[in-house]
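User: I would like to learn how to read a model of a complex, one feature at a time. Please give the general idea first and then the case at hand.

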Amino acid sequence: MYTAESIEQLVEEFSSLPGIGRKSAHRLAMHILKLPKPDVVKIAEALVNVKERINYCNICWNFTEENPCRICSNHNRNRSLICVVEDPNDVIAIEKTHEYKGLYHVLGDALSPLDGIGPEDLKIKELLHRIEGSVQEIILAMNASIEGEATTIYLSRLLKPLGMKITRLARGIPVGSDLEFTDEATLARALQSRTEV
Amino acid sequence: MRLTTLRLQNFRNHAESFFEFGNNANLILGENGQGKTNILEAISYLCLTKSFYASSDAVVLRLGTEFFEQEGTFVSESGNENKVRVAYDKQQTQKAYFINKKSVEPFSTVIGKFPVVICSPEHNPITSGGPEERRRFADFVISQASSVYLKSLMEYRRVIKQRNKILLDARIGNMNPSGLLESWDEQLLQHGATLTHRRKLFVDGFKNILHSSYHELVGSEEEPQIEYSPFAESFSSEDDCRRLLKTLLVQNRKEELRVGSTLIGPHRDEFVFTVNGLDLRKYGSQGQHKTFLVGLKLGEFFYLKNLCNETPLLLLDDIFSELDERRSKRLLDFVGTISQTFITSTSVKWFEPFVEFNHTNRKFFIKNGSVVPEEEVIVA
Ligand SMILES: Nc1ncnc2c1ncn2[C@@H]1O[C@H](COP(=O)(O)OP(=O)(O)O)[C@@H](O)[C@H]1O
Ligand SMILES: [Mg+2]
Ligand SMILES: [Zn+2]
């Protein structure tokens with residue numbers, strides 16, 4: 001217990017955040033106490049701002065400040081192409097490549113019965129709803145985990161009958177990495193999915 | 001590979017112990033309960049990131065202390081030195097593993113780097129216990145030699161858990177999970193076939209190794225055998241195995257829904273051990289069980305020696321009290337010469353006639369968690 005109730009409360013709030021134990025919560029609270037007031041106000045405002053301004057895009061379910069999001073409302077993007085990902089970080093990763101000009105669809109997670117996540121917990125209905133129309137190709141870009149893989153299989157079985165092209169990311173050796181430093185499992189998988197030249 | 005030094009701090013009943021080991025046999029002597037097995041357990045932490053039997057890191061922390069640490073120097077056959085350190089802090093939930101001061105993660109990547117074979121009474125269930133004990137033995141041996149197998153095994157286990165959850169939910173909620181189930185079947189088939197195929201290859205090769213290791217101990221009057229019995233009688237390739245698995249999976253769907261768990265696959269495999277054609281579990285004597293276990297462990301040693309680039313360390317815990325004199329002698333005759341060996345015993349009498357103590361064969365006397373001069377320990 002801290003003698004000042006407001007410090008105790010701040011520590012309590014911090015330690016309710018994911019990955020933060022009481023020790024780190026205490027450290028953070030002490031840090032806040034030492035900061036000049038304008039800096040603390042900046043942090044507090046940023047916290048409130050994200051909550052007030054950030055929403056899910058009603059089309060692709062990515063985070064956005066405008067609805068629909070900038071990607072969905074950008075008419076220079078290829079609207080016949082949708083890349084399906086697990087979460088908003090994946091969109092950021094793909095956008096950084098500057099190579100992808102299509103649209104996205106963020107599922108929110110991957111199938112995981114153990115965590116109680118089934119198809120109804122993902123934005124799958126919303127995906128099916130979107131693709132009635134001019135979509136020609138759907139790229140399934142899930143994580144390389146068994147949950148990501150199960151989600152890929154689930155979606156491909158669902159989408160195949162609808163007639164558009166369904167593709168998935170290739171698995172292989174990371175660019176710029178030496179064969180000798182690639183872990184054995186990745187190397188083995190790349191060998192399995194080798195291609196003819 | 002050799003372990004040249006070992007330092008323990010706050011580990012089990014060792015407050016602070018330091019060892020400089022010999023290149024061949026290292027005898028760890030002392031009365032019961034003095035901390036001999038604990039030293040082997042510490043070596044297990046360095047080689048495998050964990051104890052070979054304790055259920056958690058918290059239990060090996062010396063009572064009343066806040067952190068433990070083990071540090072060892074491995075010297076490879078080519079002369080490379082690796083300093084390995086394991087550190088655990090009561091406050092932190094995770095321990096840390098370092099090779100040459102660099103933190104290593106995930107821990108599974110350490111498996112196979114510093115190969116070790118451990119034979120202790122803790123392993124008795126391999127020959128006497130249920131099928132899961134023998135699966136664990138086989139998985140452990142193959143994983144040390146193949147990280148691809150280990151990865152496949154970890155993913156397979158998770159797939160089974162996920163799939164069982166679907167089956168169980170479906171049973172409780174009385175609904176049809178098809179569509180969902182199929183999303184996991186693909187990976188079940190892929191990993192299931194990989195594991196089954198590799199286990200078969202492993203047993204095919206291991207049979208001969210077991211044979212010769214066993215004969216090192218008992219001569220040729222006893223014939224040991226190991227039979228792998230997976231879900232299918234026989235299959236010619238991994239693809240073939242996958243096809244068979246798929247057929248069975250489809251056939252058993254109804255039953256799986258009734259029971260609420262996955263019924264077909266390598267998680268249900270059995271390995272049958274026999275001596276002179278008789279099932280060891282049903283007909284084996286205690287001596288045969290022990291001999292079989294040592295035979296398996298020596299087999300593991302030679303299997304790993306062939307497949308890894310380093311000769312494994314050999315840790316023998318209380319083996320010599322349970323084998324008869326002739327078998328003990330035969331074992332001693334060659335263990336110290338095939339690798340660096342760590343042997344615990346309450347009695348030095350087995351060893352004095354056969355082992356010449358010098359800088360490569362060393363004795364350590366343990367009392368109450370410390371290394372002490374010989375005079376302080378009464379060993380028969
Ligand atoms: N966490 C612990 N802290 C302190 N002592 C421990 C701890 N765990 C086990 N011990 C002690 O270690 C001793 C057993 O050591 P062990 O190496 O198994 O003996 P042995 O010499 O018979 O092989 C016992 O005296 C036990 O009380
Ligand atoms: Mg012991
Ligand atoms: Zn959008």
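User: How many of the 380 residues of chain B, in percent, count as buried?

Analyst: Note at the outset that this is a predicted model. Burial is judged by counting neighbours: a residue is buried if 20 or more other C-beta atoms lie within 10 Å of its own. In chain B, 42% of the 380 residues count as buried. For chain A, buried residues make up 21% of the 197 residues.

User: What confidence does the predictor give to chain B and to the complex?

Analyst: Chain B has an average pLDDT of 92, and 99% of the residues score at least 70. The complex is given an ipTM of 0.80 and a pTM of 0.85.

User: How many helices and strands are there in chain B, and what is the radius of gyration?

Analyst: Chain B holds 10 helices and 15 strands. The radius of gyration can be set against a rule for globules of a given length. For 380 residues that rule gives 21 Å, and chain B has 23 Å, so chain B is as compact as a globular protein of that length. The C-alpha trace of chain B spans about 70 × 55 × 40 Å along its principal axes.

User: What radius of gyration does chain A have?

Analyst: Chain A has 22 Å, whereas a compact globule of 197 residues would have a radius of gyration near 16 Å. Along the principal axes, the C-alpha atoms of chain A fill a box of roughly 70 × 45 × 35 Å. The domain assignment gives domain 1 (5-53) and domain 2 (80-168) in chain A, and the C-alpha centres of these two domains lie 35 Å apart.

User: In what order do the elements of chain A run?

Analyst: Chain A has seven helices and six strands. Read from the N terminus, the order is α-α-α-β-β-β-α-β-α-β-α-β-α.

User: Which share of the contacts joins residues at least 24 apart in chain A?

Analyst: Sequence separation is the thing to read here. Among contacts in chain A between residues at least 6 apart in sequence, 43% join residues at least 24 apart. In chain B, residues 24 or more positions apart account for 71% of the contacts with a separation of 6 or more.

User: Let us take a single residue. Is Ile54(A) buried or exposed?

Analyst: Ile54(A) is exposed, because 10 other C-beta atoms lie within 10 Å and the cut-off for exposed is 12 or fewer. Ile54(A) sits in the loop between helix H3 (37-53) and strand S1 (55-56) of chain A. Leaving aside residues up to four places away in sequence, Ile54(A) touches Phe63(A) and Glu65(A). The C-alpha atoms of Ile54(A) and Glu66(A) are separated by 8.1 Å, and these residues are 12 apart along the chain.

User: How many residues does the contact take from chain A and from chain B?

Analyst: The size of an interface is often given as the accessible area lost when the parts come together. Here the description is by residues: 13 come from chain A and 16 from chain B. On the side of chain B that touches chain A, helix H4 (147-173) and helix H5 (180-218) each supply at least two residues. H4(B) gives the most to that side, with 11 residues. By class, that side has eight charged, four polar and four nonpolar residues.

User: How many residues surround ligand 1, and which are the closest?

Analyst: Ligand 1 is surrounded by 16 residues, and the closest are Asn13(B), Lys36(B), Thr37(B), Asn38(B) and Leu63(B). Helix H1 (residues 36-48) of chain B gives the most to this shell, with three residues. By class, the shell has nine polar, four nonpolar and three charged residues.

Terms used:
Residues numbered from 1 in each chain as written. Chains lettered and ligands numbered in written order. Predicted model: local features only at pLDDT ≥ 70, side-chain atom pairs only at ≥ 80, totals over all residues. Near = placed C-beta within 6 Å. Helix = DSSP H or I, 4+ residues; strand = E, 2+ residues; numbered from the N terminus. Nonpolar A, V, L, I, M, F, W, Y, C, P; charged D, E, K, R; others polar. Rg over C-alpha atoms; globule rule 2.2 N^0.38 Å. Contact = placed C-beta atoms within 7 Å. Domains from an automatic or database assignment. pLDDT = per-residue confidence, 0-100.
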